[in-house]
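Work through the exercises below with the sequence and the structure in view. Try each task before reading its solution.

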Amino acid sequence: MTKHQVYLGLGTNLGDRASNILRAIQLIGERVGTVVRQSSLIETEPWGFESPNKFLNAVILCETERTPREVLRLTQKIERDMGKTKMHATKRSKLTTYKDRPIDIDILLYDDMTVDEPDLKIPHPLMYERDFVMIPLNEIKHIEITTYRNI
């Protein structure tokens, strides 16, 4: 089978944050594919909501034989296994209400593929607005951050 490169964004602001990131990486390695690169951990303020709990964030590169849909299913299962509860969207606006969480795993990039489905969008539509994604992604992928930001 063909190996695909998938970049995943990881974030946590509850519990032992460093252990949460390491556990998520371990589970991704066991269930999704081989983790071949990992960024440094960065601490950031919550994005999209207020909380006294800061986040630890990282980005990893994983080589996988899984499809984007399988990667989504598996990473959501890892989130649930680690204690994440579903975030709610309002029916009127479809805006997600963000909240504190032990782990969040987002598919950022999958090869050079573009996916635009209601529950799966690749590249991640908000990643270019988020320094906590772009800084660690740049560290392991060597993307010029200012290329994607509206300054």
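**Conventions**

This is a predicted model, in which local features need pLDDT of at least 70, side-chain atom pairs count only at pLDDT 80 or more, and totals for chains, interfaces and linings use all residues. Residues are numbered from 1 along each chain as its sequence is written, and side-chain values use heavy atoms, with hydrogens and water left out.

**Exercise 1. Overall fold**

Task: state how many helices and strands the protein has, and their order.

Solution. Helices (H or I, at least four residues) and strands (E, at least two) are DSSP runs, numbered from the N terminus. By this count the protein has three helices and seven strands. Read from the N terminus, their order is β-α-β-β-β-α-β-β-β-α. Next, burial: buried means under 20% relative accessible area, exposed over 50%, and partly exposed in between, with a 1.4 Å probe and protein chains only. Of the 151 residues, 43% count as buried. Last, contacts (heavy atoms within 4.5 Å): among those with a separation of 6 or more, 66% come from residues 24 or more positions apart.

**Exercise 2. Strand β1**

Task: find which strands pair with β1, and in which direction they run.

Solution. Two strands pair if DSSP finds at least two bridges between them. Nine bridges link β1 to β4 (residues 55-64), and these two run antiparallel. L8 has I60 as its bridge partner in β4. Six bridges link β1 to β5 (residues 104-110), again antiparallel; here V6 is partnered by Y110. Turning to burial, β1 (residues 4-12) has eight of its nine residues buried, so the strand is largely enclosed by the rest of the structure.

**Exercise 3. Two helices in contact**

Task: describe how α1 packs with α2.

Solution. Two packed helices are described by the angle between their axes and the distance between the axes. Axes are lines fitted to C-alpha atoms, for helices over the stretch in contact, and angles run from 0 to 180 degrees between N-to-C directions. For α1 (residues 17-31) and α2 (residues 68-81) the angle is about 140° and the axes are 10 Å apart. Angles under 35 degrees count as roughly parallel, over 145 as roughly antiparallel, 65 to 115 as roughly perpendicular and the rest as oblique; α1 and α2 are therefore oblique to each other. The residues in contact are L27, I28 and R31 of α1 with L74, K77, I78 and D81 of α2.

**Exercise 4. Helix α3**

Task: list the buried residues of α3 and the strands they pack against.

Solution. In α3 (residues 131-141) the buried residues are F132, V133, M134, P136, L137 and I140. The buried residues of α3 pack against β1, β2, β3 (42-44), β4 and β5.
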